[in-house]
Amino acid sequence: MKAAPFAYVRPTSVAEACALLAADEDARLIAGGQTLVPMMAMRLARPSLLVDVARIPELIGVTETSDAMFFGASTRQAAVERDPRVGRSAPLLARALPWVGHAPTRARGTIGGSVANADPAAEIPLALATLGGAILVRDGAGETEFGADEFFAGPMMTAVPHDGCVTRLVFPVWREARVGAAFAEISARRSDFAYVAAAAQVALDADGRCARIAVGVGAATPTPARLDAAMAQLRGSRLDDAEIRDALAPAVGALEIMVDGHASAAYRRRVALTLATRAVAGARDEARAREARP
Amino acid sequence: MKTTLAVNGRTFTIDVEPRATLVDALRDELDLTGTHVGCEHGVCGACTVLIDGEPARACLIFAVQADGYDITTIEGVAPAPGELSVVQDAFCETHGLQCGFCTPGMILAAQALLRSNPSPTREEIVSAISANICRCTGYGQIVEAIELAARRLAGSNAEKRP
């Protein structure tokens, strides 16, 4: 199908974009459009005005400080994927990106768009929430920082006000010498929406004990779910397979699991435990393979 | 809405509704019907074109969004009228197409792969075309075609343009 008629404008600043949104309650932002355009083609979305923020210079680019990476919201997923700093400083994001759509959609899709869209099955929100990252949102009143846990309100729902624009994502950077990350996902076919996804990042100390850990589950839950209780239990452990499973089982058991025509709650819960276990073990193995700093 | 499209090295200024997708503008305004329209919602890959050298869905971008980008369609890949590119030729030789509906998208996906990675593994080839659906060939001969094109480009002294 073809999209319903709409007007189109390409502002050159975030302030201008916010003002355009504020003036029209049916206006919507578009960046890469890799989710919004098909929604419009199926007429599940009928915005009156598309405000294109894909080329606003202040929304594009990646910067890094000692403890965080900042991603301009309109930075394309493919550009992040190719950036060699991401693998070093935000390894979980680097592991998650190849699972996002497929190469042609990553060429247009943006990193902030995926977060603003808040699809429960999306990989970038899961990586961000697992690491306890933040989202910067600008509106007419100024810029607000949301923790990922307060940003995602439900499936396709966020804390962004109507006249707001996600400007930057903040990924915490772990500077330990031995850091590993892993991402696991199951879907009906390659690049399709995940039924369950799991993400983990692990830092080991010189003795091989877990110094820091982040693990989360997505797609099975309405919003990405970080498994805080399991993380607390695993800190300081050796992360052997039995310890991982013992810590994750009650955490996954406590999750609110979504059901749809594709998979039952029981299936999703079982797979969530398997994939989360695999992600933590994969992250641990990658961290173990790194030399302890002398 | 006035929009400037840079397609296959030529610049066109067209007047389109904002809701016209890039693939509809290419086909209906510029008569470049080599880019095929399949699902119209980003699943099948038939409408794949190169935008600034990267494969993208021409049905998932409105023409007004593509204003000023460098666009390559299947009409832009052959070195001269009546000739075939190395990739196109390899598709013919290995029977990498049957009905031909997916072929323009497959060829552009292959071109982009070989430009960034001149000697891809089989797995990398499969990954590069995984966003494109073919209902005839079972993909085997398409993968062979891209392998053949890679070998020919590597062995040729001529311009390394896929």
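Guide: A crossing of two helices is left-handed if the near helix is turned anticlockwise from the far one by less than a right angle, and right-handed if clockwise. The model is predicted, with local features needing pLDDT of at least 70 and side-chain atom pairs pLDDT 80 or more, while totals for chains, interfaces and linings use all residues. Residues are numbered from 1 along each chain as written, chains are lettered from A and ligands numbered from 1 in written order, and side-chain values use heavy atoms, without hydrogens and water.

In chain B, helix α2 (residues 86-93) packs against helix α5 (residues 140-155) at about 135 degrees, the axes being 8 Å apart (helices are DSSP runs of H or I, at least four residues, and strands of E, at least two, numbered from the N terminus; axes are lines fitted to C-alpha atoms, for helices over the stretch in contact, and angles run from 0 to 180 degrees between N-to-C directions). α2(B) is therefore oblique to α5(B) (under 35 degrees is roughly parallel, over 145 roughly antiparallel, 65 to 115 roughly perpendicular, the rest oblique). The crossing of α2(B) past α5(B) is right-handed. Residues in contact (heavy atoms within 4.5 Å) include B:Val86, B:Ala90 and B:Phe91 of α2(B), and B:Ile142, B:Ala149 and B:Arg152 of α5(B).

In chain A, β11-β12-β13-β14 is the order of an open antiparallel sheet of four strands (strands pair if DSSP finds at least two bridges). β11 (178-187) and β14 (225-226) of chain A are the edges, each with a single partner strand, so one side of each has no neighbour in the sheet. Helix α8 (residues 123-130) of chain A touches β11, β12, β13 and β14 of chain A, at about 145 degrees to β13(A). Helix α12 (residues 265-288) of chain A lies across β11, β12 and β13 of chain A, at about 30 degrees to β12(A).
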